[in-house]
Amino acid sequence: MSWRARGKGDQTDQTVSDRDQSAADADQSASDTDQTASDREQAAAEADQRASDRDQRAANHDLAGFGDPDPSRRRAFEDTRSQRSEGTLDRQMTALVRAQISEERDSQAERRDEHAIARDLVADDRDREAEQRDREAEDVLESEPAESPAAIEAAKALRQRAAEDRHRAAEDRHRAGEDRTQAARERHELYDQLESAHLDELTGVYRRKLGEAVLLHEIQRAQRLRRDLVLAYVDVDGLKAVNDSSGHAAGDELLRNAVAALRSRLSPHDPIVRFGGDEFVCIFTNITLEEGRRRLEEANELLSQTAGSSITVGLAAVQQGDTLEALLARGDQALVGAKQRLGAKGH
């Protein structure tokens, strides 16, 4: 074989070149997606800040306007309702944007995994190219006189390119590893974002949409394992009166105290879901109806001591064949009955 002939090296060069271009395109795409996600997250953070600023202004107006006979201060007090509505809208839009970003990050993680596989293939091609060049160098030295300067230079050049190919193969494998690490990081961020997107900002419990899926999972597990489970439909008493008399900041604090009281009597893995403004649903796993009632009485007593308020509760024990809707309906019916009994007693 003449040292001037390249043999299969040309074909391998083209394959490597094509895959290099694909990897470069993938890098650019990943960079563009990262920048887009970063820009949208910045916009979401700014929207959150606007909502927080509105809430702070509303709280300040509440404190300044409550009980003040001055008409302008009273108007400012009433204006807080619209400010809070704007803040709520900002947060809803932010949650939507972040959910979309989470989906994009999931797709991005998938693409990074694909990039890593592509880089591994490029690295394999480079290793094969290096082996081919080594063989070509040996062929040159065998086909030409050993003292031929041209043959020696050709063999040296081929071996130099083989060494460069191996070095670039190592770099490709390193970058493939970085892609996989970044993909894992993005998935971790995705899971964090998905969880935070489905948690109530005020109380830290599940929002209704994801919360219903969690409740259903616990109900099905209890039925499958034939274990006790108690659902509690909880209403925080007097929230509207607190909002009207002391301001929404006081009402928010009452809700946080109510959740804290419930958590103190639930197991760490038992879920709490915010179903409405003052309504929560929680599940006690692996306990009887009587034990659930006792724990909620303790939570009510704790709330009375810490916040001077109370909760009204409707309980329902799971039965084989129960759906989430059926169990919720029984809990809601029990809550209505409890409220009627309290009303009959003059509460």
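This is a predicted model: local features need pLDDT of at least 70, side-chain atom pairs count only at pLDDT 80 or more; totals for chains, interfaces and linings use all residues.
Residues are numbered from 1 along each chain as its sequence is written, and side-chain values use heavy atoms, with hydrogens and water left out.

Leu231 is part of the group on one side of strand S1, and S1 covers residues 229-236. S1 pairs with S3 (residues 279-285) in the antiparallel sense, over 7 bridges. Another 7 bridges join S1 to strand S4 (residues 311-317), again running antiparallel; here Tyr233 has Gly314 as its bridge partner. Two strands are said to pair if DSSP finds at least two bridges between them.

Is S1 covered or open to the outside? It is mostly covered, with 8 of its 8 residues buried. Buried means under 20% relative accessible area, with a 1.4 Å probe and protein chains only. In a regular strand the side chains alternate between the two faces of the sheet. On one side of S1 sit Leu229, Leu231, Tyr233 and Asp235, on the other Val230, Ala232, Val234 and Val236, and all of them are buried.

Now step back to the whole protein. It has 8 helices and 4 strands, following the pattern α-α-α-α-β-α-α-β-β-α-β-α along the sequence. Helices (H or I, at least four residues) and strands (E, at least two) are DSSP runs, numbered from the N terminus. Of the 347 residues, 37% count as buried. Among contacts (heavy atoms within 4.5 Å) with a separation of 6 or more, 72% are between residues 24 or more positions apart.

A pocket is an open set of points on a 1 Å grid where a 1.4 Å probe fits, with protein on both sides within 12 Å along at least five of seven lines; lining residues have an atom within 4 Å of a point. About 430 Å³ of space lies in this second largest pocket. It is lined by 16 residues, and Glu297, Ile311, Thr312, Val313 and Ala338 lie nearest its centre. The elements giving two or more residues to this lining are helix H7 (289-307), S4 and helix H8 (324-344).

Note on methods: Buried means under 20% relative accessible area, exposed over 50%, partly exposed in between (1.4 Å probe, protein chains only). Grid points are joined across faces, edges and corners, and a volume is the space filled by probe spheres set on the points.
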